[in-house]
Amino acid sequence: MTRFGSSEPVPGECPADVGCPPVTPSQLKIPTPVVDPATVPAQLVDLAKLSDSELSAGVTRLIFTDSDMAGRAYVRSLMERAGLVVREDAMGNIFGRWVGSQPDLPAVGSGSHIDAIPNSGAYDGTLGVLGPIEAIRALRRAGFKPKRSIEVLMFTSEEPTRFGISCVGSRAMAGKLDPKHLDSLADILVPDGGTFRQAALKAGYANTTADTEDMVKQCSLGEYGTYYDSFLELHIEQGPDLEDEELSIGIVTAIAAPAAIRCAFTGDGGHAGGQVMSRRNDALLAAATLTIAVEKLALDTGSNDTVATVGVLRVGPGAINSVPRTAEMEIDVRDVVGARRDEVVSKIISYGEQIAESRNVRWSHDIVNSDPPETCAPKVVSAVEAAAKRLNLGHKRMVSRAYHDSLFMAEVAPTGMLFIPCHEGYSHRPDEFASAEDIKNGIEALALALASLSLA
Ligand code: GLV
Ligand code: MN
Ligand code: MN
């Protein structure tokens with residue numbers, strides 16, 4: 001089988017427009033799943049309490065911390081209660097399978113992540129893990145029997161916070177994770193800490209593996225379409241369009257692609273009183289100049305689809321009376337047009353070099369990841385569209401500006417995403433919110449779409 005999503009996506013369009021398969025007649029036989037509006041919102045509140053951020057608002061759940069381990073136990077217990085067959089792989093991806101009547105066929109997958117960046121919200125990712133568990137329960141209650149197995153996934157480390165690289169679990173499953181590069185990435189949680197594999201070992205994973213290469217290999221799913229026949233991720237929109245247009249369901253046609261740069265300026269530091277201005281090589285001033293340039297380079301493309309963010313700036317030694325010796329930066333650049341994104345990335349890097357030279361500081365950089373955008377698969381797009389129509393839910397096709405594990409699942413299976421509205425489009429902040437009604441609608445549409453894909 002060949003990969004579908006290999007071409008550059010066009011914002012707002014789907015190749016489905018030139019040939020979506022029609023709604024499968026089998027969908028008409030699927031009994032209507034009914035989701036209790038209170039169940040998943042209450043579970044999301046329970047999960048949000050498992051957080052590292054006792055001192056601040058919002059949810060913080062970095063991978064392999066105590067709160068992440070407690071969150072994993074919570075997810076496993078919900079999977080078990082739903083009667084799913086649970087397993088975990090060497091990197092801590094969790095799978096819960098509802099075994100279909102033809103268990104040897106490639107399954108239908110649905111999942112997301114529960115790790116959360118510092119001071120973020122309760123819905124990003126978590127909805128896409130708890131939602132399909134509840135979708136399966138609703139389908140069971142309605143008397144539906146899947147032909148293909150339906151498998152719920154919780155991916156390890158979608159967020160890049162701890163090791164700088166996003167989607168670690170799904171990247172490994174798709175065969176797109178370079179073990180040597182993973183080993184080279186520093187742990188920001190434990191200063192001078194070990195590698196990702198060492199953190200995984202401490203968390204009780206990876207213990208059947210000889211080294212990082214073996215760990216990554218053990219998680220790989222293999223050829224396109226052989227493990228999953230299709231994959232569908234439920235997620236909050238993380239933007240305002242659905243709410244503004246009073247729509248219930250967003251049918252994602254393309255997923256924007258991120259690039260991540262970790263870079264550092266290093267000067268010689270010195271005494272903040274004793275060292276006159278003309279004798280300094282201040283690393284922070286170099287980083288500040290680059291930060292302003294990052295904004296300009298994104299704006300200069302003239303497209304709203306190009307976004308660039310300096311989300312991390314660590315200054316050392318970090319004392320008020322010390323001239324900054326080091327300034328480490330993490331820069332996120334995204335676009336739905338990969339070539340345009342790459343041009344911004346290379347301009348940022350050459351500008352960084354120039355700044356280092358003119359300010360007489362040293363400069364190092366690493367492109368931690370630079371992933372291609374993806375187009376969603378027609379059969380998944382049309383399954384979601386048919387589900388939204390059948391439930392009379394207002395819907396539209398749209399692009400995902402955020403990245404998701406689906407970006408990597410699209411490498412190994414026909415993949416799509418289903419968005420629900422979130423308040424004001426807020427995400428990655430404590431006041432992220434999705435209403436019980438929107439959650440119920442999203443899970444019912446997800447259930448119908450998964451059911452129809454399982455019969456295909
Ligand atoms: C996902 O968390 C993203 O940053 O898009
Ligand atoms: Mn996120
Ligand atoms: Mn997410």
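In this predicted model, an oxygen atom of ligand 1 lies 2.6 Å from an N or O atom in the side chain of Arg334. Two further polar contacts involve oxygen atoms of the ligand: one is 2.9 Å from a polar backbone atom of Tyr403, and one is 3.2 Å from an N or O atom in the side chain of His428. Of the 190 Å² of accessible area that ligand 1 has on its own, the protein covers 94%. The residues surrounding ligand 1 are Glu158, Glu159, Arg334, Ala402, Tyr403 and His428. Sorted by class, this shell has 3 charged, 2 nonpolar and 1 polar residues.

The manganese ion (ligand 2) is coordinated by His428 through NE2, by Glu159 through OE and by Asp124 through OD, at 2.0 to 2.2 Å. Asp124 and His428 link distant parts of the chain, 304 residues apart. Asp124 is in the loop between strand E5 (116-120) and helix H3 (126-141), whereas His428 is in the loop between strand E15 (415-420) and helix H13 (436-455). Asp124 counts as buried because its relative accessibility, 8%, is under 20%. His428, at 37%, is partly exposed. Asp124 also bridges the manganese ion (ligand 2) and the manganese ion (ligand 3), which lie 3.7 Å apart.

The buried residues of helix H1 (residues 39-48) are Thr39, Val40, Pro41, Gln43, Leu44 and Leu47. These residues pack against H3 and H13, and also against strand E1 (59-61) and helix H2 (66-81).

Key
Residues numbered from 1 in each chain as written. Chains lettered and ligands numbered in written order. Predicted model: local features only at pLDDT ≥ 70, side-chain atom pairs only at ≥ 80, totals over all residues. Heavy atoms only, no water. Donors = N, O, S within 2.8 Å, 3.2 Å for Na, K, Ca; no water. Helix = DSSP H or I, 4+ residues; strand = E, 2+ residues; numbered from the N terminus. Buried < 20%, exposed > 50% of the residue type's maximum accessible area, 1.4 Å probe, protein only. Contact = heavy atoms within 4.5 Å. Near = heavy atom within 4 Å. Polar contact = N/O pair within 3.5 Å; in protein donor to acceptor, adjacent residues only side chain to side chain. Areas by Shrake-Rupley, 256 points an atom, 1.4 Å probe, with all protein chains shown as cover. Nonpolar A, V, L, I, M, F, W, Y, C, P; charged D, E, K, R; others polar.
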